[in-house]
Amino acid sequence: MANAASRPQRAYHQDYICRIRYENNLPPPPGSVKLLDIPIDGLDYYASPGFASRLHRSQPINIEADAELGMPIDLVGMPGVFDGDESSIQAPLIPPPVHPRDKNLLRPLSELGKPKYQPGGISFLRRTEYISSDVARARSEAASKSAPKSSGPKLRKPVDTSKDDPINVLRAVVKGFDIAHPEDAYTGPDTKDNIKGLEPTPAETETWNNPKHPMKSNLKPVDFYPILPDLEAVTDTGSYMIAKFTANPTQVIEKHDPRMDVGMLRPIEMDDVAIAEYNAKLAAHGADPVRNPHPGGAPFNYHFFLPTDETSASNLRKKLDVHDPDNENPGLYTTKNKDGKDIFRMNQQRVYETGRSTAADPDHAYKEVALALHDDVDEAADYSESAQATNGESTKRLGKAAYYYPVMQKMQLKPHRSKTLAQLGVTSRVEDDDDDRKIDALEVVVDDLNETEKAKRAEHRLALLGEVVDEEVTQLSDA
């Protein structure tokens, strides 16, 4: 027993071997096969008899060839050949055994490659099989057998098509406003200007009065903001643009540069080549919007200007703020031009070009908007009651609401570099392509709106309110 216990135990190494079978069916190519026309003019030269004759003359034979070219066909000496017995020149009926070194040369193509291990007589190893599909198939067959057979074909549940009627869709929309403002709900008969909304259910009214988070029921709303347009911030185009720089446009990296709050971008007129390319992309998008995406906004180049210092930037912000009681103070201007007029001087930083750009769909102008939340404030504490904007513009602070501002275009601005000699590597000096249109500085003067600008903004305000534009306003806009 002592000898058996002291005997070292023998370790057995076992490997689990399984086969994985799969197939990767690639989809057919999206387009037709493109055949390339490869010129083969040289084939006629190499296949001509003259080329073979010249090759024979220029390349002498470097072997000693006898009359039979190394393969003797002399039958003299072979027994029984001339007597009709050809056994001496035929293969034997019983082939001799293959030499071990030649066995690898006689392997079939199916056995070439990595060796495949067979489990042989190992009883506890089995091939890996996919049994999930078999189990699901067996369950479905058992369920189909146990289910009672119907006497006729299964009828599809009828669909209420009246819900898709435009009038019913409009009634459902009106119902949402009636739930929010029940005091303004219209209860009379349907007319051309008014339509009665659907009757709200108690569950819908309870959901509006006590809103809950769709996924986190323990969260409660802190406050509510009505979504309204900011009529006082309407621009000449009725929308805004979002510009993002790919790199820091200033040398200030430790903190936010306050000059960026009043920076200005001045577009450079596009040349004829750029206009033609952009129009071609628009035409291709109109012909096939699926394969040709929208090119976005026009790829303008821009001059970027900043005030000379932080004091000029702060004074310019006050000048632009209609709620600031000191915005009419002429002392806010920091520079005088050569004519002695008070101005803000803004120096050019560099020229930027449009990188990626996306433009809003004209049919969905409010698909992307910017929101600004405003709370109730004490206007008398912050601003003087006598502060009034000129030309009838009101200086009343915005009430409590979430004001939206439509975004017309989003673009990425990257530094503009020369596209001529510097790209070809001929010279390392980068020259400006827009030397003839280069502007060193801007002389900025803040003034009131003229009649044309007022008319354009009035049109956009009336469009937001859903009213008809007055003929007088339209005439001013056309002028």
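## Basis of the model

The model is predicted: local features need pLDDT of at least 70, and side-chain atom pairs count only at pLDDT 80 or more, while totals for chains, interfaces and linings use all residues. Residues are numbered from 1 along each chain as its sequence is written, and side-chain values use heavy atoms, with hydrogens and water left out.

## The chain overall

Twelve helices and nine strands make up the secondary structure of the chain. Helices (H or I, at least four residues) and strands (E, at least two) are DSSP runs, numbered from the N terminus.

Of the 479 residues in the chain, 16% are buried. Buried means under 20% relative accessible area, exposed over 50%, and partly exposed in between (1.4 Å probe, protein chains only). The chain exposes about 39,500 Å², of which carbon and sulfur atoms supply 55%; accessible areas come from the Shrake-Rupley method with a 1.4 Å probe, and for residues only the protein chains shown count as cover.

Contact means heavy atoms within 4.5 Å. Among contacts between residues at least 6 apart in sequence, 74% join residues at least 24 apart.

## Surface patches

Patches are made of residues with over 30% relative accessible area and no salt bridge; like charges are joined within 9 Å, and nonpolar side chains (Val, Leu, Ile, Met, Phe, Trp, Tyr) within 5 Å. A salt bridge is a side-chain nitrogen of Lys or Arg within 4 Å of a carboxyl oxygen of Asp or Glu.

One nonpolar patch consists of L75, V76, M78, F82 and I89, which together have about 500 Å² of accessible area. V76 sits in the loop between α3 (49-58) and α4 (132-146). V76 counts as exposed because its relative accessible area is 62%.

E269, D271, D272 and E277 form a negative patch. Asp and Glu count as negative, Lys and Arg as positive, and His and the chain ends are not counted; the place of a charge is taken as NZ of Lys, CZ of Arg, CG of Asp or CD of Glu. E277 belongs to helix α7 (residues 272-287).

S312 is part of helix α8 (residues 310-320). Its relative accessibility is 3%, so S312 is buried. Beyond residues up to four places away in sequence, S312 touches P307, T334 and F344.

K414 lies in strand β8 (residues 401-415) and is partly exposed, at 35% relative accessibility. Neighbours within four places in sequence aside, K414 contacts T246, Y352, E353, T354 and G355. K414 and N248 are 166 residues apart in sequence, with a C-alpha to C-alpha distance of 10.0 Å.
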